[in-house]
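Subject: Structure handover

Hello,

Please find the structure below, followed by notes on what turned up in it. The notes run from the overall layout to single residues.

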Amino acid sequence: GGAAIGVESQSDAATAILNAHADVAGLGGFSGRESTISVSWLAMEVRTGRLRWIVSDGSGQAFGGGFADGRAGSEVAFAAAAKACTAVKLSSGSSTTTLYDCQGRASAILAAAGASS
């Protein structure tokens, strides 16, 4: 409940929006690597209540896996969220998705990345 869910790519967001009318934001561009959000921007969105949840699809690309073409996307911001926010695992069949509940964790997100508020 409350605020948007941030996912790695706009294509992931589009599916959730079309299928469930969800309040979802694609934070890394269409494929997850065209756009780069900063840790400061992510913390600001969490602090204002516009963003609460971050979702990992388990691919590892946003959490240190990188991309073959060298583009990092929003990897640093997603990694800071993973360190600072509370992990909630959801399982369905043989797949597991991790959501990170970032409510009230803006300062911790900045600290996890070594940034200052």
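**Layout**

Along the sequence, the elements of the protein come in the order β-α-β-α-β-α-α-β-β-α. That makes five helices and five strands, where helices (H or I, at least four residues) and strands (E, at least two) are DSSP runs numbered from the N terminus.

The model is predicted, so local features need pLDDT of at least 70 and side-chain atom pairs count only at pLDDT 80 or more, while totals for chains, interfaces and linings use all residues. Residues are numbered from 1 along each chain as its sequence is written, and side-chain values use heavy atoms, with hydrogens and water left out.

Of the 117 residues, 36% count as buried. Buried here means under 20% relative accessible area, exposed means over 50%, and partly exposed is in between (1.4 Å probe, protein chains only). The protein exposes about 6,200 Å², of which carbon and sulfur atoms supply 52%; the areas come from the Shrake-Rupley method with a 1.4 Å probe, and for residues only the protein chains shown count as cover. Among contacts in the protein with a separation of 6 or more, 56% are between residues 24 or more positions apart, a contact being heavy atoms within 4.5 Å.

**Cores**

In soluble globular proteins, nonpolar side chains tend to be buried together. A nonpolar core is taken as a set of buried Ala, Val, Leu, Ile, Met, Phe, Trp, Tyr and Cys residues joined through side-chain atoms within 4.5 Å. The largest one has 20 residues, and L42, I54, C102 and I109 touch the most other members. Helix 2, strand 3 (51-56), helix 4 and helix 5 are the elements that give two or more residues to this core. Helix 4 gives the most, with five residues. A second, separate core has five residues, including V7, V24, W53 and L99.

F78 is in helix 4 and is buried, with a relative accessible area of 3%.

**Disulfide**

The structure holds one disulfide, defined as a pair of cysteine sulfur atoms within 2.5 Å. The bond joins C85 to C102, with an S to S distance of 2.2 Å. The two cysteines are 17 residues apart and link distant parts of the chain: C85 sits in the loop between helix 4 (75-84) and strand 4 (86-92), and C102 in the loop between strand 5 (95-101) and helix 5 (106-112). The torsion about the S-S bond is about 110°, so the disulfide is right-handed. Both C85 and C102 are buried. Leaving aside neighbours within four places in sequence, C102 is in contact with V46, R52, I54, A81, C85 and I109.

**Salt bridges**

A search of the whole structure finds two salt bridges. The criterion is a side-chain nitrogen of Lys or Arg within 4 Å of a carboxyl oxygen of Asp or Glu.

One of them pairs R52 with D101, the closest N and O atoms being 2.9 Å apart. R52 lies in strand 3 and D101 in strand 5, so the pair ties together parts that are 49 residues apart in sequence. Both R52 and D101 are buried.

R50 and E45 also meet through their side chains in a salt bridge (2.9 Å, N to O). R50 counts as partly exposed at 49% relative accessibility, whereas E45 is buried at 10%. Apart from neighbours within four places in sequence, E45 is in contact with R50 and L51.

E45 belongs to helix 2 (residues 39-47). The buried residues of helix 2 are V39, L42, A43, E45 and V46. They cover an arc of only 160° around the axis, which puts them on the same side of helix 2; the arc is that of the directions from the helix axis to the C-beta atoms. Just after helix 2, G49 takes a positive phi of about 85°.

K89, in strand 4, is exposed, with a relative accessible area of 61%. Not counting residues up to four places away in sequence, K89 touches T96, T97 and T98.

Regards
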